[in-house]
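User: Could you take a close look at the aromatic ring pairs in this model for me? I'd like to see how they sit in their surroundings.

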Amino acid sequence: MVVSKHIDKDKKGVSVVDAYIKVENLSFSRGDRVIYDNISLTIPRGKVTAVMGPSGTGKTTLLRLIAAQLAPDNGFIWVDGQDVHSLSRSGLYKVREKIGMLFQSGALFSDMTVADNVAFPMEEHTKLSPSEIKRIASEKLHSVGLRGAAQLMPSELSGGMARRVALARAIALDPELVMYDEPFTGQDPISKGVLVKLIRQLNDSTGITSVLVSHDVEESLSIADHVCILAGGRVIAEGSADEIRASNDPQVKQFLNGEPDGPVPFHYPETSSSEVAL
Amino acid sequence: MKTIALLGERFLDWLESVGRAGIFLAQSVCRLPVRFKESIRLLVAQLYSVGVLSLVIVVVSGAFIGMVLALQGYSILAKFGSEEAVGQLLALSLLRELAPVVTALLFAGRAGSSLTAEIGLMKATEQLSSYEMMGVDPLRRIIAPRFIAGVICLPLLSLIFSATGIIGGLVVSVSWLGVHDGAFWSLMQQSVYFDTDIMNGFIKVVCFSVVVTWIAVYQGYECVPTSEGIGKATTRTVVLGSLAILALDFVLTAAMFGDF
């Protein structure tokens with residue numbers, strides 16, 4: 001296996017074979033702004049991992065780097081033992097077939113019905129008969145409680161429903177990894193509860209690896225087996241939900257408790273040019 | 001010195017974007033969706049939204065331009081007693097110049113802007129990323145059918161424009177101004193040649209169709225995915241598309257009809 005040449009165990013003693021995703025010395029910047037400065041983290045196989053951090057720390061960017069939609073300046077990302085940034089276009093598309101992603105906006109295809117949206121990945125990547133595809137799509141919709149909405153268009157759905165349809169679509173091909181980008185943002189308490197339950201259930205029943213990017217502390221900690229907290233371009237804490245809750249690190253405490261004062265600055269850093277503008 | 005450096009930088013930026021657009025075009029033309037039935041379905045949907053939905057504006061504009069042309073032409077030709085030549089005037093000016101150029105300009109405004117906005121909005125709502133994440137190439141699925149539909153539709157729309165223009169002119173000159181209809185048609189028939197007039201106009205409009213649709217889909221695909229970004233990209237499609245049509249028209253006309 002490619003990975004084992006580089007590292008057998010990370011600093012927390014998680015074997016790389018158990019790691020579905022391994023991020024090593026990753027650096028990434030947008031223009032002059034450094035998003036990640038040499039970070040390393042592990043996403044264990046078959047568990048729910050929550051990546052948390054204040055808005056603007058590049059949590060979504062991390063998902064895009066993992067899916068190789070963006071290329072890092074430095075460092076490596078292994079997904080299931082493959083260095084995704086060294087793959088050819090077709091190799092990368094093969095890896096992506098194993099990944100389901102739930103986008104922040106749902107990203108449903110606006111020109112297809114709900115049922116067609118869920119059926120789409122199967123039509124593209126499997127040789128199943130249309131009736132088989134229809135049956136599976138309807139099953140997946142049933143699992144998110146929306147079989148009755150199969151013939152609606154995405155524009156007729158509420159935000160919470162759209163995200164549940166997107167979840168059904170993300171799991172249509174029974175992926176090994178599902179990445180959730182801010183699944184709870186803008187959801188009412190009931191939808192939030194439904195999503196939390198669905199994510200946990202999905203993981204327990206099928207044993208897939210889940211990565212959850214969020215800044216909703218309570219929801220994320222309640223379902224995550226493993227938690228990473230990012231701030232200021234670095235990983236400030238990594239461990240189980242209980243370990244994170246018990247952490248004494250002032251940055252972690254400030255984030256978990258939502259305190260306005262602390263080491264994480266409230267003000268966006270001022271540059272000399274913005275001072276001149278004032 | 002600074003100005004020269006800035007100019008150089010701008011030029012390099014421009015060159016880079018032209019290069020990117022070129023690669024983009026090559027990639028999207030070579031990549032229709034793999035499944036034949038699916039590609040036909042996607043193409044037909046685009047032919048409808050790009051072509052059929054542009055019919056009204058093209059037919060109405062064609063008819064009015066033909067009518068105006070007949071009125072203007074008649075008033076001048078009548079001074080020389082050769083008002084029958086109005087048919088010839090109509091056919092030649094429509095086939096050689098007006099139909100390709102005006103249809104392409106209308107197309108940039110009607111279909112080009114909507115292509116840019118649609119693709120831009122797909123980008124903003126992460127639909128394009130979503131295709132990529134599913135291992136489906138958005139160039140294949142979204143861009144290719146739209147580009148091909150544009151290239152097929154614009155030449156056909158231009159022919160329809162010419163036809164309705166001539167009918168509009170016929171109504172004004174024959175039914176209203178009293179030009180003899182036999183003379184109207186026979187002079188037209190005598191003076192219009194298939195290869196120099198119809199084909200040259202057709203070649204022009206095919207070139208326009210490639211350029212306009214290319215600009216439209218590229219602007220959508222590369223836009224900044226915000227409401228402001230989509231607005232700007234849509235404006236750029238219409239402005240760049242129109243300028244490209246007019247400049248290209250001059251070059252092509254010089255090559256086809258210029259004696260050198």
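Analyst: One cut-off first: a residue counts as buried when its relative accessible area is under 20%. A:Phe120, with a relative accessible area of 2%, is therefore buried. Keep in mind that this is a predicted model.

So, the rings. A pair of aromatic rings is described by the distance of the centres and the angle of the planes. Over all chains, the structure holds 8 aromatic pairs. Take A:Phe109 and A:Phe120: their ring centres are 5.3 Å apart and their planes stand at 80 degrees, and since anything over 60 counts as edge-to-face, that is what this pair is. The two residues come from distant parts of the chain, 11 residues apart: A:Phe109 sits in the loop between β6 (99-102) and α4 (114-125) of chain A, while A:Phe120 belongs to helix α4 of chain A itself. A:Phe109 is buried as well, because its relative accessibility is 0%.

Ring pairs join A:Phe109, A:Phe120 and B:Tyr131 into a cluster, with B:Tyr131 coming from chain B. A:Phe109 also has a charged neighbour: A:Arg169 lies over the face of its ring, 4.5 Å from the ring centre.

Now hop over to chain B for another pair. The rings of B:Phe24 and B:Tyr218 have centres 5.3 Å apart, and their planes are at 65 degrees, so this pair is edge-to-face too. B:Phe24 lies in helix α1 (residues 2-29) of chain B and B:Tyr218 in helix α8 (residues 194-222) of chain B, which means the pair ties together parts that are 194 residues apart in sequence. Both partners are tucked away: B:Phe24 counts as buried because its relative accessibility is 6%, and B:Tyr218 is buried with a relative accessible area of 11%.

What does the rest of chain B look like around that pair? Its secondary structure comes to 9 helices and 0 strands. The C-alpha atoms of chain B fill a box of roughly 70 × 55 × 35 Å along the principal axes. Of its 260 residues, 45% count as buried. Among contacts in chain B with a separation of 6 or more, 84% are between residues 24 or more positions apart.

Helix α9 (residues 227-257) of chain B has 31 residues and reaches 44 Å from its first C-alpha to its last, close to the 45 Å expected. Its buried residues include B:Gly229, B:Ala233, B:Gly241, B:Ile245 and B:Leu252.

Back in chain A, there's an open sheet of 4 strands, in the order β2-β1-β4-β5 with antiparallel pairing. The edge strands are β2 (33-44) and β5 (82-83) of chain A, each pairing on one side only. Strand β1 (residues 19-30) of chain A pairs with β2(A) over 8 bridges, and A:Ser29 stands opposite A:Val34 in β2(A). Helix α2 (residues 59-66) of chain A packs on this sheet, where it touches β1, β2 and β4 (74-79) of chain A. The direction of helix α2 of chain A makes about 65 degrees with that of β2(A).

Methods:
Residues numbered from 1 in each chain as written. Chains lettered and ligands numbered in written order. Predicted model: local features only at pLDDT ≥ 70, side-chain atom pairs only at ≥ 80, totals over all residues. Heavy atoms only, no water. Phe/Tyr/Trp six-rings, centres within 6.5 Å; stacked < 30°, edge-to-face > 60°. Buried < 20%, exposed > 50% of the residue type's maximum accessible area, 1.4 Å probe, protein only. Lys NZ or Arg CZ within 6 Å of the ring centre and 35° of its normal. Expected span 1.5 Å × (residues − 1). Pairing = 2+ DSSP bridges. Contact = heavy atoms within 4.5 Å. Axes fitted to C-alpha atoms, helices over the stretch in contact; angles between N-to-C directions.
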